[in-house]
Amino acid sequence: MRQAMAVQISWSAMAEDRICCDRGSGRLWQMIRATATEDRICCDKGSGRPRQMIWSTATGGLDSHGRKPEERKEHMKEYGGYIELDTYHGKELYPDLLALNSARTALRFLIRYRQIKKILLPTPCCYTIWEACEQEKIPWAFYPVDQHFQPVLDDQRAQGLEAGEWLYLVNYYGVLSDDQLQAYADAYPRLIVDNAQAFFRPPFTPQRARGMERTVDTLYSCRKFLGVPDGAYLDVGGDAAIGADLAIGNAPAAEKDLAAGNALTSDPAPHQTMDQRLQSLYDALPLDVSHQRMGFLLGRFEGRASDYYADYASNNALFSEEPVKQMSRLTHNLLRGIDYDFVMARRSENFRHLHERLKDLNRLELPLVPGAYAYPFWYREDAPSGPWLRKKLLEKKIYIPTLWPEMLQKGQEETMSYRLSENILPLPVDQRYGMEDMDVICDALLAALA
């Protein structure tokens with residue numbers, strides 16, 4: 001879903017109607033009026049999707065950043081001087097999804113919008129997920145997954161969800177199929193799919209059985225796959241399934257609540273569609289600024305990863321306190337400069353190559369994953385262990401992270417979450433590397449196993 005854009009207002013000579021015209025392309029947008037809020041919204045004539053208007057008489061001439069005319073003088077366009085980073089004119093992979101500053105804040109936005117009361121989380125999972133729940137003051141409960149990354153739900157949970165309860169499904173390494181997702185959507189009609197490890201997996205749209213609505217929302221993390229400092233996408237699907245349960249309220253009240261991080265409890269505004277309410281809530285978010293987070297990315301581009309790892313870790317720590325924001329202009333720009341076809345093809349080829357060489361030694365049964373996050377390798381024998389293999393690969397300058405280290409608690413050694421975290425080696429398959437690099441990694445691993 002695109003952000004608010006500058007518009008030019010002109011009067012129609014034939015009717016008391018206002019037309020919004022994109023200053024850049026000259027494309028026309030139909031003006032509609034939200035009677036309850038005296039606000040003006042630009043709607044795409046083709047799709048009917050709302051666009052926020054920059055200049056509005058109803059807001060006293062404030063622009064989209066809340067600035068008065070006299071305040072705008074300080075933000076006048078500059079001409080000349082030194083040249084900044086070029087503006088890229090490619091296309092993002094998900095230009096129609098909500099773009100936020102991180103995956104955890106995307107979840108926080110979703111919790112507020114959906115008025116989620118409780119979430120069922122898998123183990124293992126990243127601590128940032130339950131951190132987001134904690135920040136939004138909602139409870140969560142854990143359920144285990146098996147060796148094939150499939151949920152193991154008890155008999156009570158297998159019967160469905162409680163009121164206000166949602167199932168959080170992590171698509172580990174992107175291995176879940178559409179058939180599996182459909183089965184979970186059938187059993188749990190309020191579903192959040194975490195595609196943080198499946199960036200190239202399009203949002204899943206469930207088939208709808210007669211008399212049953214299903215809602216599947218999807219989260220993505222940009223920086224797990226691409227050289228950007230932050231950024232996430234959120235697909236909000238199946239609004240009709242929960243429309244009667246939402247109490248969003250009119251746009252100004254709801255925007256004020258969301259910006260303050262409060263529950264959205266105002267009376268519904270019947271004149272607004274679900275899509276309009278979602279857009280108004282999104283438009284109310286502040287815009288992130290990313291330039292101060294670029295140091296470790298630029299450093300590693302010209303130097304060694306080990307020299308900038310501390311900066312990388314410090315950058316990760318910043319997100320714990322970041323509020324919910326829209327994705328920054330800088331991150332949007334970087335994402336428009338990426339060759340996604342190349343990235344997806346390279347990752348797919350590297351995954352396939354490692355799988356061909358290692359599948360007989362891997363206890364995990366894996367499908368071929370398009371645009372894979374990493375190749376998960378768990379040695380079929382009990383020894384050598386994952387930590388020992390990581391150490392041997394580190395000696396060859398091959399850095400293999402331990403995912404979900406929070407699972408490695410004393411006394412939990414026999415749980416599946418502990419074993420998955422300790423023993424799975426997420427071997428790198430990303431776009432920086434080719435077949436020769438995959439052979440270097442594979443040879444080093446096989447030598448350690450010999």
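Helices here are DSSP runs of at least four residues, numbered from the N terminus. In this predicted model, one such run is helix H11, residues 340-358, and Arg346 is found in it. With a relative accessible area of 21%, Arg346 comes out as partly exposed, because the buried label is kept for values under 20%.

Zooming out, the chain holds 14 helices and 14 strands. Its 450 residues include 48% that count as buried. Of the contacts between residues at least 6 apart in sequence, 64% join residues at least 24 apart.

What about the inside? In soluble globular proteins, nonpolar side chains tend to be buried together. Here the largest nonpolar core has 99 residues, and those with the most contacts inside it include Phe109, Tyr173, Phe199 and Leu427. Helix H14, residues 435-449, supplies the largest share of this core, namely seven residues. Phe199 shows how such a residue is surrounded: setting aside neighbours within four places in sequence, its contacts include Leu93, Tyr94, Tyr220, Phe225, Tyr233 and Tyr340.

A polar residue can be tucked away too. Ser290 lies in the loop between helix H7 (274-283) and helix H8 (295-302), and its relative accessible area of 2% makes it buried. The side chain of Ser290 is joined to that of Asp230 by a polar contact of 2.7 Å, and to that of Ser328 by another of 2.6 Å. Beyond residues up to four places away in sequence, Ser290 also touches Pro229, Leu330 and Thr331, among others.

Finally, there is a helix pair to look at. Two packed helices are described by the angle between their axes and the distance between the axes. For H12 (residues 386-394) and H13 (residues 416-423), the angle is about 15° and the axes are 7 Å apart. Angles under 35 degrees count as roughly parallel, so that is how H12 and H13 run relative to each other. Gly386, Pro387 and Arg390 in H12 meet Ser421, Glu422 and Asn423 in H13. By type, the residues of this contact divide into one nonpolar, three polar and two charged.

Definitions and conventions: Residues numbered from 1 in each chain as written. Predicted model: local features only at pLDDT ≥ 70, side-chain atom pairs only at ≥ 80, totals over all residues. Heavy atoms only, no water. Core = buried A, V, L, I, M, F, W, Y, C linked by side-chain atoms within 4.5 Å. Buried < 20%, exposed > 50% of the residue type's maximum accessible area, 1.4 Å probe, protein only. Helix = DSSP H or I, 4+ residues; strand = E, 2+ residues; numbered from the N terminus. Contact = heavy atoms within 4.5 Å. Axes fitted to C-alpha atoms, helices over the stretch in contact; angles between N-to-C directions. Parallel < 35°, antiparallel > 145°, perpendicular 65-115°, else oblique. Nonpolar A, V, L, I, M, F, W, Y, C, P; charged D, E, K, R; others polar. Polar contact = N/O pair within 3.5 Å; in protein donor to acceptor, adjacent residues only side chain to side chain.
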